[in-house]
Structures are given as structure tokens and as C-alpha cells.
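Welcome! Here is a short tour for anyone meeting this structure for the first time. Please keep the sequence and the 3D view at hand as you read.

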Amino acid sequence: MEKNSMLDFKALEKELQAALAVDEKYKRENAAKFRAVAQRVPSYEDFRSIVLASHLKPLERKDKMGGKRTVPWNCHAAQGRTFQEDVAIEISQEEAPFQPRTSAEFYRYWRRHLRSGPERYQALLQLGGPTVGRLFQTDVGFGLLGELLVTLADHVRPADRAAVLGVLHGLAGTGRFPLNLSLLSPTERECCQALFQKLQAMGAPRAGQEVVDGEEQCAEQEQGLLQELWGLYQLC
């Protein structure tokens, strides 16, 4: 058998581990939601805090003060890498294009490397609606949908109107979308409303502006998609 026809078991193992991590995260957060409902928490913020902290575990006796510490004093030496190698890895990660293959990769990169709003906005436009929909076809994940909508609302520009509509359409087709939409915080819901109002205003023709046939057809298609999204995002 030729070398290029052999299975890449390392890649398969990595993909399997990422899928298991996403599944574990979904089960953990879902259990936290039921637990919060059973506790009859007084507010949405309390409910949200319980779900977001579902990954935390209580300290055991050996983890408390006075226990034996197992953290090495020199993590770089323990990993067998030099400082220069760590810097090179960090630079290569920053320069690499944002092309996650799974929702777990997206979430990890979104948290670790995309620190500013403009960076996150450009990353979403770079991925595009179809890719976003494919990455989160099972579930966007609690809390992430609100972050995505806030990012789009804060940085949307008239030139990006079609691309933003595409991302919104991709998100609307993800699994458990109505449930995730209902769990938006009041602030996130206000940002979502403001985003759609901005998109509506961007599509209005300016006084004295000449529109050619091709542009008019694209504008009509975008407007039709926007009206569809108003309903999907429960803003009608």
C-alpha cells in the first residue's frame, strides 16, 4: 500500500478527541441547566453563572493548602522546549489563518487567540456563513451565540452587510438554535436587535443614489434574506 493512501491515525485520533470533548461539554452544560432549574435560581444571571461554571470541580483534600505541590518550577524545561521555540510557536499560531475544522477548535482559538472585537469580527467574516453553520451543526454552545451576535453588532459595516447576513443565516441553521436564542441575556438580545436595525438601515437607498440592475437585484435578495432572519431570530 502506498504511503499517501494510508490512514492518518493521529489525525483521526485528534478528531475523535475533539468530538468527544464537544460531546462532554454539551452533556455537562445540559446537566447544569437542569440542575439550575431544579434549584429554582432567582434570576437569569444566576442560571447563566451555574452553566458557565459547570466545568469547575470542587477541590479535594490533597488540592488544598498544605498539600504537596506537583507543578514544576520551570515549565519550559519540563516540556523540553526553549524560550525561543515557544516564541516561534506563538508567532506561527498568530500568523496562521483561522481555519478550525471542528467546533472545539473554533472555541479554543476564539478564547485563546482572538482577544479583541475587531479580530473576532474579521475571523467570522473570513469563515463565512456556510462554514459557521457546518462547524456548529450540532449546537453552538451555551454563551457563545451571544458573544457572536455582540461581536457582529459592535463592528458591522455597510460593506460587510452581505457577509454578516450570511453568518447570521449559518447560525440560524445550527442545532438547538431556538433554545440557545431563548437563553440570550437581556444585553445580548438588545445587541441582536440593534444589529438587525443597523442591517435594515444599511439596505435603505440613499437620496439621489443611482442603482444599476445588478445591484438592485442583489439588494432585493439581501432584503429578502434579512426579512427571513427577522423571523428566525424572533424579532418580528
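## The helix α1

Within α1, the buried residues (under 20% relative accessible area, with exposed being over 50% and partly exposed in between, for a 1.4 Å probe and protein chains only) are Ala18, Lys25, Glu29, Ala32, Lys33 and Ala36. An α-helix has 3.6 residues a turn, so residues three or four places apart point the same way.

This is a predicted model, in which local features need pLDDT of at least 70 and side-chain atom pairs count only at pLDDT 80 or more, while totals for chains, interfaces and linings use all residues. Residues are numbered from 1 along each chain as its sequence is written, and side-chain values use heavy atoms, leaving out hydrogens and water.

Helix α1 covers residues 9-39, which makes 31 residues; helices here are DSSP runs (H or I, at least four residues), numbered from the N terminus. From first C-alpha to last, α1 reaches 44 Å, close to the 45 Å expected at 1.5 Å a residue (1.5 Å times one less than the number of residues). After α1 comes Arg40, with a positive phi near 55°.

## The largest pocket

Next, look for the largest pocket, with a volume of about 770 Å³. On a 1 Å grid over the protein atoms alone, a pocket is an open set of points with protein on both sides within 12 Å along at least five of seven lines, and lining residues have an atom within 4 Å of a point. Grid points are joined across faces, edges and corners, and a volume is the space filled by probe spheres set on the points.

There are 33 lining residues, and Ala21, Val22, Lys25, Ser103 and Ala104 lie nearest the centre of this pocket. The elements giving two or more residues to this lining are α1, α2, α5 (103-112) and α7 (129-135). Of these, α1 gives the most, with eleven residues.

## The helix α9 and beyond

Helix α9 (residues 161-172) has twelve residues and reaches 17 Å between its first and last C-alpha, close to the 16 Å expected. Its buried residues include Val164, Leu165, Val167 and Leu168.

Where is Arg176 placed? Arg176 sits in the loop between α9 and α10 (177-182). Its phi is near 55°, a positive value in a residue other than glycine, and Arg176 is partly exposed, with a relative accessible area of 26%. Gln234, in the segment after α12 (213-232), likewise has a positive phi near 55° and counts as partly exposed at 48% relative accessibility.

Conventions
1 Å grid on protein atoms, 1.4 Å probe; cavity = no way out; pocket = protein on both sides within 12 Å on 5 of 7 lines; lining within 4 Å.
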